[in-house]
Amino acid sequence: MGYNRGMFIDSHCHINFPELAARMPEVLAQMAHNKVTHALCVSVDLPDFPQVLALAHQYPHIYASVGVHPDYEDTPEPSVEQLVELANDPKIIAIGETGLDYFRLQGDLEWQRERFRTHIRASRQCRKPLIIHTRSASEDTLRIMREEGAGTDAGGVAGVMHCFTESLEVARAAIEMGFYISFSGIVTFKSAKELQAVALELPLERILIETDAPYLAPVPYRGKMNEPGFVAHVGEYIAKLKGVPVEQVAQQTTANFFQLFQLQP
Ligand SMILES: [Zn+2]
Ligand SMILES: [Zn+2]
């Protein structure tokens, strides 16, 4: 399979995780082979942030974010000031990943909601977009986004609902707040009929694509270790689903990425 007709961006991956970091030359070569021009390496906690930042400084086509994932319970809690300070670097283009996850964790999750609010406040302060993770928690996620003034309507900054698996209604609510919807390899899975229906409905102008590598490899690599180069398969799948040329998906999702993160292509 060749991708000489389009260039893609992986809007969300974790290439600092040891299984990918250990094979960095191969990972970068696979990106080049599949014409994946850039990748955004997303932070999940503060102890790992220096590695994430180092990757972004080492490679011109790797960007990074700063944030603490909602699934990380026993990890240093960030303050607004700390996030704003760490985000003060041209290669740090986003705050996150942040959000709510009531699927992985149960019980009293007030700390998750507080942590999410902290990230939204930091995003508003430093004017960098949010990367939002939401799982089995869409109602609270949207409520807190509204309460904290996330999104362009509220004078805040927009962002992306990453690895989206929610309903069309949730997608539209986020888009109304100025957010983009990012699809991962999950959309290529045979079983993901409802998600495919959502992707079909949404305008290409609001869609990003991602791998969330090393997890969730798209078909035909399902079950294997994922890597940013494979985002081309997500783009190609969405093109087929929508019945549009793959170069159109490549071009539009790339333009969306640069627009959201306020970068010069
Ligand atoms: Zn996530
Ligand atoms: Zn992630």
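A: Arg117 and Glu148 meet through their side chains in a salt bridge, 2.8 Å from N to O. The term covers a side-chain nitrogen of Lys or Arg within 4 Å of a carboxyl oxygen of Asp or Glu. This pair links distant parts of the chain: Arg117 sits in helix α5, Glu148 in the loop between α6 and β6 (159–161), 31 residues apart. Helices (H or I, at least four residues) and strands (E, at least two) are DSSP runs, numbered from the N terminus.

The model is predicted: local features need pLDDT of at least 70, side-chain atom pairs count only at pLDDT 80 or more, and totals for chains, interfaces and linings use all residues. Residues are numbered from 1 along each chain as its sequence is written, chains are lettered from A and ligands numbered from 1 in the order written, and side-chain values use heavy atoms, without hydrogens and water.

Arg117 is buried at 14% relative accessible area. Glu148 is buried too, at 12%. Buried means under 20% relative accessible area, exposed over 50%, partly exposed in between (1.4 Å probe, protein chains only).

Arg117 has another partner, Glu114, with the closest N and O atoms 3.9 Å apart. Glu114 and Arg117 are three residues apart in helix α5, so about one helical turn separates them. Glu114 is partly exposed at 37%.

Salt bridges with shared partners join Glu110, Arg113, Glu114, Arg117, Arg121, Asp140, Arg143, Glu147 and Glu148 into one network. The whole structure holds 13 salt bridges.
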